[in-house]
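Morning, everyone. Please have the sequence and the structure open while I talk.

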Amino acid sequence: MTNLVAHWDRRAESYDETPGNSLTHEQAAAWRSLLAEVYPVRTGRLLDIGCGTGTYSLLLAELGFDVHGVDTSQRMIERARAKALGRGAGPAVTFSALAAQDVGGRYDAVFSRNMLWTVADPGRLAEVVREQTTQSAVWVAVETVWDGRPKGDFQEAGKDLPGFGGWHPNVLRDEFARHGFARTTWSSISNRSDLATEDKDIHVLFRVSR
């Protein structure tokens, strides 16, 4: 885990230059529309796990949530706070340098993006999310599946991650179910040209609930 945190600390400065980590106005509008469809209620407290520089936390706040974005990288959190301040986001968005299991309180919704492949045991994270959410909470998890082995910056950080390259959606569905989330649907969003990023990876959106 230490290697992975150090990796994201190093990446924080250039993180938004990677497609999908920052959004054009058109992409932001498309994501806003999609997220409005998958969250039946868009009020209350939302936990954004692995929030990075806060791009999607700010978008979710625009939908009406009170958002708490958490990330294990202090440098990512610093950039997220600066971004929120620059956009005048106000108290609807807060950021903390925390792992998900260290978050207190109870949440009405959860969001995560490209985070599950970075944990060795997604079932343990599902258990943490169940403990921290209300009975009616919806967790929207966006994940990427790609063909690759750890190399470059990831050679050290990724070698101990069994999910590197992305978990198969059925694996995640089964893990969610084992930890109290009986209703999980998933679909590829790679064919959405308005959400497209400059890669040939498979982007999958999960909607997870009890």
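β5 and β7 pair in the antiparallel sense, over eight bridges. Pairing here means that DSSP finds at least two bridges between two strands. Helices (H or I, at least four residues) and strands (E, at least two) are DSSP runs, numbered from the N terminus. In this pair, V145 stands opposite I202 in β7.

Before I go on, this is a predicted model: local features need pLDDT of at least 70, side-chain atom pairs count only at pLDDT 80 or more, and totals for chains, interfaces and linings use all residues. Residues are numbered from 1 along each chain as its sequence is written, and side-chain values use heavy atoms, with hydrogens and water left out.

Back to β7. Strand β6, residues 183-188, also runs antiparallel to β7, joined by six bridges. There, S188 stands opposite V204 in β7. β7 is mostly covered, with six of its eight residues buried. Buried means under 20% relative accessible area, exposed over 50%, and partly exposed in between, with a 1.4 Å probe and protein chains only.

Now another pair. β1 and β2 run parallel, over five bridges. L46 faces V67 in β2. How many of the six residues of β2 are buried? Five, so strand β2, residues 66-71, is largely enclosed by the rest of the structure.

On to the cores. A nonpolar core is a set of buried Ala, Val, Leu, Ile, Met, Phe, Trp, Tyr and Cys residues joined through side-chain atoms within 4.5 Å. The largest has 31 residues, and L116, W139 and F176 have the most contacts inside it. Elements giving two or more residues to this core are α1 (2-11), β1 (45-49), β4 (107-113), α5 (122-132), β5 (133-145), α7 (169-178) and β7 (202-209). α5 gives the largest share, four residues. Apart from this core lies another, of 30 residues, among them Y39, L63, F111 and I189.

Look at W139. Leaving aside residues up to four places away in sequence, its contacts (heavy atoms within 4.5 Å) include L116, L125, V129, F176, F181 and F206.

On a 1 Å grid over the protein atoms alone, a cavity is a set of points where a 1.4 Å probe fits but cannot get out; lining residues have an atom within 4 Å of a point. Searching the whole structure gives one cavity of 30 Å³ or more. The largest cavity holds about 100 Å³ of space. Which residues lie nearest its centre? Y15, G50, C51, Y56 and R113, out of 13 lining residues. α3 (55-63) and β4 each supply at least two residues of that lining.

N114 sits between β4 and α5. N114 has a positive phi of about 50 degrees, although it is not a glycine. Most residues other than glycine have a negative phi. At 23% relative accessibility, N114 counts as partly exposed.

L23 is in the loop between α1 and α2 (25-38). Its relative accessible area is 22%, so L23 is partly exposed too. Not counting residues up to four places away in sequence, L23 touches A28, W31, T55, Y56 and L59. L23 and L59 are 36 residues apart along the chain, and their C-alpha atoms are separated by 9.9 Å.

Terms used. 1 Å grid on protein atoms, 1.4 Å probe; cavity = no way out; pocket = protein on both sides within 12 Å on 5 of 7 lines; lining within 4 Å. Points joined across faces, edges and corners; volume = space filled by probe spheres on them.
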